[in-house]
Amino acid sequence: MLPSQTLLLAVVFAITALQALASDTFLAAVYEHSVILPDDTLEPVSPDDALALMNRNMDVLEGAIKEAAQKGAHIIVTPEDGIYGWRFTRETIYPYLEDIPDPAVNWIPCTDSTRFAPAPVQERLSCMARNNSIYVVANIGDKKPCNSSDPSCPSDGRYQYNTNVVFDAEGKLVARYHKYNLFMSESQFNYPKEPETVTFETPFGKFGIFTCFDILFHEPAVVLVNKLQVDTVLFPTAWMNVLPFLTAIEFHSAWAMGMGVNFLAANTHNTKMSMTGSGIYAPDGARTYYYNMNTEDGHLLMADLDSHPHLSPAFLPSVHWSSYALNVKNSTQNDHDFNGLIFHDLFTFTELIKPEGNVTVCQKELCCHLTYKMAGKREDEVYVLGVFDGLHVVEGQYYLQVMIL
C-alpha cells in the first residue's frame, strides 16, 4: 500500500472514531452552592488561611461533583464566587488569587502541579475532574503582573480578574475566561482590555462560557451564540433576584429560548442577598430548575440535553424580531400608561387591566408586545408591562434595553 493511501486510511479511521465517540445527548449538572464566606475584614489574611477557606468550599463542591459523576453527568457547572465568596477589597482578595495560564499550554495540574507557580486550587479542581471523569467548571481569581510600560497597569503592579476555568474529564485546563462586564460591587477586579469570546469543543457539542452580568451585553454573550455558533453556554453566576432583571429562572430560561441554545446556570445561594435560582435550560424550555428562599442549603440539578440543539426536531427556528414587531405594531394599546423608576432607570409602564388581551408599551424605538390571559388576580395585585431603552448610569455607563412584566 502506498504511504499516501496509508495516511488517508488513518485520517478516515480517526474521523470515524471521533464520530463514534460523539454523542447526540449528554447529561448536564449544575450545583447551587451556599458559599462559606470569609470574615469581613480590611486586612489581608495569610495565603494559608485563604486556602483553608477555599478548601472548605471545595470540600462541598467535591461532594456535588462526585455525586453528579456517579449518576452519569458529563459536565458540572459551579457558581460565581463559589470558592471564596465576595466580601473583598482589591487588597484582601489577593491571597485568594492564582496565576492561571492560557489553556494552550496543554496542562493537567493534577499530574503536573509544579510546572507553573504554586496553584493548589487549580490542582484540586483538576483532580476533581480527572478522578471523577467529568468536565468541571469553576469560578476563581486570576492574577497577572504588569509594569509601568503598560499605561493601564494598576498602581499595585498587577491585574486581577474574575475568572472561569474549565477542566476536562482528564483534568486538563481547556478554557479560561476573564469576566468583562463587572458589576458595581466588583472593585477588587479589573476587566480585560478587550472582551473575550471563549469556546471549546467536546464530544457532546461546542461550548461557550461567560459570567453573570455579561449576559446583558452584546459582547461576549450574543457574539458567542450568533457569530461563534455554540451549542451550550456555561454560566457561573451570583444572581440577585431584584428588578429590573426579574428572577433568575425566568430570565435565564427566556434567554436560552430566545438564543436557541442550551444554558447551564449555576447560582450562589444566599437568601440575605436574594441569591438563588439555578437551572438547566434548553431552547424549548427549562429541563430543571431550583429556587429556594427558605433554607440555606445547596442543591444539585441534573438533566439530559441535546448536544446540538439546533439539529433537534423540537428546535424552533429563530424569530426575525424586526418583522414580528412590524406585524404586531398595531395591536391594541392600553391607555393606562405611566412612568416609574427602577434602579434609577425611568421605565414606561402600561397596566394590564383586562383579564386577557394584547397590549403594547413603547419607549423610543423599543416596543414590548404581550398577549396574555390571567388565570387569576387578587384585588390587591397590580400587573404591569414595562420597557426601558436608554443610558444606565448606576454602576457604570452603558445602554440597556429591558422589558419586564
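Biologist: What pattern do the disulfides of the chain follow, with bonded cysteines counted along the chain?

Modeller: In this predicted model, the disulfides follow the pattern 1-2, 3-4, 5-6, with bonded cysteines counted along the chain, and the structure holds 3 disulfides.

Biologist: How do you know that Cys110 and Cys127 form a disulfide?

Modeller: The S to S distance for Cys110 and Cys127 is 2.1 Å, and a pair of cysteine sulfur atoms within 2.5 Å is a disulfide, so the pair of Cys110 and Cys127 is called one. The link is right-handed, with 100° about the S-S bond. This pair links distant parts of the chain, given that Cys110 lies in the loop between β2 (75-77) and α3 (120-132), while Cys127 belongs to helix α3, 17 residues apart.

Biologist: Why is Cys127 called buried?

Modeller: Cys127 has a relative accessible area of 17%, and the limit for buried is under 20%, so Cys127 counts as buried.

Biologist: What makes the pair of Cys146 and Cys153 a disulfide?

Modeller: The sulfur atoms of Cys146 and Cys153 are 2.1 Å apart; the cut-off is within 2.5 Å, and therefore the pair qualifies as a disulfide. With 75° about the S-S bond, the link of Cys146 and Cys153 is right-handed, and both Cys146 and Cys153 are buried.

Biologist: What is the nearest cysteine sulfur to Cys368, and how far away is it?

Modeller: The nearest cysteine sulfur is that of Cys362, 8.7 Å away; since a disulfide requires sulfur atoms within 2.5 Å, Cys368 is in no disulfide. Cys368 has 9% relative accessibility, and because buried means under 20%, Cys368 counts as buried.

Biologist: What makes Thr111 exposed?

Modeller: Thr111, found in the loop between β2 and α3, has a relative accessible area of 51%, and exposed means over 50%, so Thr111 is called exposed. The C-alpha atoms of Thr111 and Lys172 are separated by 9.4 Å, although these residues are 61 apart along the chain.

Biologist: How do you know that Lys71 and Glu67 meet in a salt bridge?

Modeller: The N to O distance between the side chains of Lys71 and Glu67 is 2.9 Å, and the cut-off is within 4 Å, so the pair is called a salt bridge. Lys71 is exposed, with a relative accessible area of 52%, whereas Glu67 is partly exposed, at 34%. The structure holds 11 salt bridges.

Biologist: What makes the pair of Lys179 and Glu80 a salt bridge, and are these residues buried or exposed?

Modeller: The side chains of Lys179 and Glu80 meet at 3.0 Å, N to O, and the limit is within 4 Å, so the term salt bridge applies to Lys179 and Glu80. The pair links distant parts of the chain, with Lys179 in the loop between β5 and β6 and Glu80 in the loop between β2 and α3, 99 residues apart. Lys179 and Glu80 are both buried.

Terms used: Residues are numbered from 1 along each chain as its sequence is written. This is a predicted model: local features need pLDDT of at least 70, side-chain atom pairs count only at pLDDT 80 or more; totals for chains, interfaces and linings use all residues. Side-chain values use heavy atoms; hydrogens and water are left out. Helices (H or I, at least four residues) and strands (E, at least two) are DSSP runs, numbered from the N terminus. Buried means under 20% relative accessible area, exposed over 50%, partly exposed in between (1.4 Å probe, protein chains only).
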